Amino acid sequence: MGELKLMKGNEALAEAAIRAGADAYFGYPITPQSEVIEYLMAEKPHERTGMVVLQAESEVAAINMVYGAAGAGKKVITSSSSPGISLKQEGISYIAGAELPCVYANVVRGGPGLGTIQPSQADYFQSTKGGGHGDYKQIVLAPASVQEMADFVKDGFELAFKYRMPVLILSDGVIGQMMEKVDLFDPIPRLTDEEIVAKYPWATTGKKNGTERRIITSLDLDSLKMEEHNKHLQAKYREVEANEVRYELINCEDAEYVFVAYGSSARIAQKATELARKKGIKAGIFRLITLFPFPTKQMQDLCKKGVKGFLAVEMSAGQMVEDVRLSVSGCAKVEHFGRFGGIVHTPEEVLRAMEQKIIGG
Amino acid sequence: MSMFEEIVKPENLVYEKTRLMTDKALSYCPGCGHGTAHRLIMEVIEELGMEESTIGVAPVGCSVLAYEFMNIDMTQAAHGRAPAVATGIKRVWPNKIVFTYQGDGDLAAIGTAETIHACNRGEKIVIIFINNGIYGMTGGQMAPTTLPGMKSSTSPYGRDVEMMGNPLKITELIAQLPGTYFVTRQAVHTPAAVRKAKKAIRKAFENQRDNKPGLSFVEVVSNCNSGWKMTPNDSNKWMEDNMFPYYPMGDIKVDGQLVK
């Protein structure tokens, strides 16, 4: 199949961008994701595939370079970490409004403000509830391994072009920095200019004789038209909710107590589950892979099978837990546990929280 | 046959609207220079046969709707980000012709970083910079290029440079950067100025077509009769008397060499 390598999550994401046939990466350095642009610059993808890599003057400029290139039909990716992602929000709102495809990654660090450079999952609200201004959604993929850091770049581009919307790969400092074995997928050739012109008639590739010119914009001063555009966007998001939910159930067949987690917290919850099972507690994990769309129905279905309680485990003061509560409201007890501000919780802490807040609570 | 039909014949045609301007009525105030600047750019693109290879970038400001009037592929950018958007397009389509059209607030205030860095990287794009020393779209607020003592709705007693800083000569500033290849300042308020401005715009687009090393930057000092609260004629006179001494006309950098 592919090629086996030992890589950091950030490097796997960068390598996957080249292999996914990306046309360009525009980015700005920030810890803990600077390896993405460092890897790309060292790898010279312009020689390997013709891919453009450019270090922008800011995250603001980088996301607007993405906007321009995506609007011109190209496969574009950027990445950053929390404070830099905040800077990109204006551009992401424009990308969502103008219905452009792109992939971007947030290797989350602790906040608020400049915060810390240690891992965190405190950008869940920003990722799933909007982030920038206006009524928009983006598909959010949450990798829990270096393997998924690579695979989700490929999947992300497919989803981004299928729905013409931004796709966020939401990882954190743990996944970005740790090294694991990764089975790299076989390279996908970049589309030729002719293929892009034929495949994406909406893209600004230069006006063709006899064809309508293309305009990329998120503006319409006619509010009735803007309402129609918003309805169209909402219909698309409902379609995404119906078709693109991804999650994983681990040890849930007989589970009475379920950890709900994504990303590195899901890895920690896995160890906590092993510890729980040794103590005779029937524990399982509901691992979220898409944070939007959220697996609401699937969580309800699991709850109805006899789950007594859910513990939302996330490296934040409690963000995802709100969606868990909305999903299983009235069916079972829901509590939150998480260290935050850059502290990574231990499996023992997570199990203790389950015992105290759910089982004994 | 009516007299109109007798006169309007192809052999009598001395001037024609470029087909690269749409028929949509311009949203600009009567007397404003934007319409003329639009037309010159579109004429140049038509004359150079670049219609099918050009992608324009519209800013935020009075010309936010430039894409409604310029009959080519266009992208509308966030406020100040046009040079970054144009960079993104040009880097992935190096054989296309890419230009931005920006006002003074867009280019010299909120987008200063994007402007300077696109110039410094020597992006092979054209920037058309319309400088009328005021925020027209939002109702006449102070711009980075508002002259000392000049009144606006946010400098109602005149721009006090002690408090509000000095007008930014961004064109002179970016001319110092090795990444700029052609930097010029023009106007479009008289037939003679229009002819010179068109020549400059043409040179800018030819530079990009010929893959010259660097960015071509054309400032157009323009009036804003509504924002300045003057008649069009008075505003043009005021512009000559007050704007031109601060923002002198002519080439600043030609073929990569400073000439002023």
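Mentor: Happy to, and let's start from one pair of residues: Phe259(A) stands opposite Leu311(A) in strand S14 of chain A. Please keep in mind as we go that this is a predicted model. The two strands here, S11(A) and S14(A) (residues 309-313), run parallel and are joined by four bridges. As a reminder, strands of a sheet pair through backbone hydrogen bonds, either parallel or antiparallel.

Now widen the view. S11 and S14 belong to an open sheet of five strands in chain A, in the order S10-S12-S11-S14-S15, and the pairing is mixed. At the edges are S10 and S15 (333-337) of chain A, each of which pairs on one side only. From one strand to the next, the twist averages 20°.

Next, turn to helix H12 of chain A, residues 296-304, where Met299(A), Leu302(A) and Cys303(A) are buried. Those three residues cover an arc of only 100° around the axis, so they sit on the same side of H12(A). What do they pack against? The buried residues of H12(A) pack against strands S10 (247-250), S11 (257-261) and S12 (283-288), and also against helix H13 (320-328), of chain A. The face of H12(A) turned away from the buried side carries exposed residues instead: Lys297(A), Asp301(A) and Lys304(A). After the helix comes Gly306(A), with a positive phi near 115°.

From here, follow chain A to its contact with chain B. That contact takes 33 residues from chain A and 29 residues from chain B. On the chain A side, the elements giving two or more residues are strand S2 (24-27), strand S3 (52-55), helix H4 (59-71), helix H5 (82-97) and strand S9. H4(A) provides the largest share of that side, eight residues. By class, the chain A side has 15 nonpolar, ten polar and eight charged residues.

The pairing is part of an open sheet of nine strands with mixed pairing, in the order S9(A)-S2(B)-S1(B)-S3(B)-S4(B)-S8(B)-S7(B)-S9(B)-S10(B). Its edge strands are S9 (215-216) of chain A and S10 (257-258) of chain B, each pairing on one side only.

To finish, step back to chain B as a whole. Chain B has eleven helices and ten strands, and its C-alpha trace spans about 65 × 45 × 35 Å along the principal axes. Its radius of gyration is 18 Å, which agrees with the value near 18 Å that a compact globule of 260 residues would have. Of those 260 residues, 53% count as buried. Among the contacts in chain B between residues at least 6 apart in sequence, 67% join residues at least 24 apart.

Conventions: Residues numbered from 1 in each chain as written. Chains lettered and ligands numbered in written order. Predicted model: local features only at pLDDT ≥ 70, side-chain atom pairs only at ≥ 80, totals over all residues. Buried ≥ 20, exposed ≤ 12 C-beta atoms within 10 Å, placed from the backbone. Arc of directions from axis to C-beta. Contact = placed C-beta atoms within 7 Å. Pairing = 2+ DSSP bridges. Axes fitted to C-alpha atoms, helices over the stretch in contact; angles between N-to-C directions. Nonpolar A, V, L, I, M, F, W, Y, C, P; charged D, E, K, R; others polar. Rg over C-alpha atoms; globule rule 2.2 N^0.38 Å.
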